[in-house]
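Hi there,

Here is the structure I promised to pass on. My notes follow below it.

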Amino acid sequence: MKRPATHALVVGVRPTLTSIPEGALSEPSPVPGLRNGNGTLGRRGYSGPLPPRSHGPHSYVFQLFALDAPMELPDRYTLRQALDEMTGHVLARARLDGTYERR
């Protein structure tokens, strides 16, 4: 089975942030502290779901990790670098699964 694409990576979400405003996951982020990494499609930031028309439902998974320490990552970090940096520091995790289809 093909591994799903990672559309967006974001670090630096402060524990005091109660919501993420529209456009906050764009590149560059207008929210202080938020940093975008390189998704597996080679892009930074999140532009929303855009599957091909009449391609059927596409699944999307959003995950949020609470860590016990800030992440020290290079400017154009990758998913592998983020996962390696998180190892041993995850306090909690939230997950939201959704589907979207363009007709």
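A word on terms to begin with: strands are DSSP runs of E with at least two residues, numbered from the N terminus. Pro21 lies in the loop between strand 1 and strand 2, and Ile20 is found in that loop too. The model is predicted, so local features need pLDDT of at least 70 and side-chain atom pairs count only at pLDDT 80 or more, while totals for chains, interfaces and linings use all residues. Residues are numbered from 1 along each chain as its sequence is written, and side-chain values use heavy atoms, with hydrogens and water left out.

Pro21 is partly exposed at 44% relative accessibility, where partly exposed sits between buried (under 20% relative accessible area) and exposed (over 50%), with a 1.4 Å probe and protein chains only. Its C-alpha is 8.5 Å from that of Val31, 10 residues away in sequence. Ile20 is partly exposed as well, with a relative accessible area of 45%.

Now for Asn36, which lies in strand 2 (residues 35-36). Asn36 is buried, with a relative accessible area of 3%. A polar atom of the Asn36 side chain lies 2.8 Å from the backbone oxygen of Ser26. The Asn36 side chain also makes a polar contact with the side chain of Glu27 (2.9 Å); such a contact is a pair of N or O atoms within 3.5 Å, and within protein one must be able to donate a hydrogen and the other to accept it, with residues adjacent in sequence counting only if both atoms are side-chain atoms.

Best wishes

Terms used
Helices (H or I, at least four residues) and strands (E, at least two) are DSSP runs, numbered from the N terminus.
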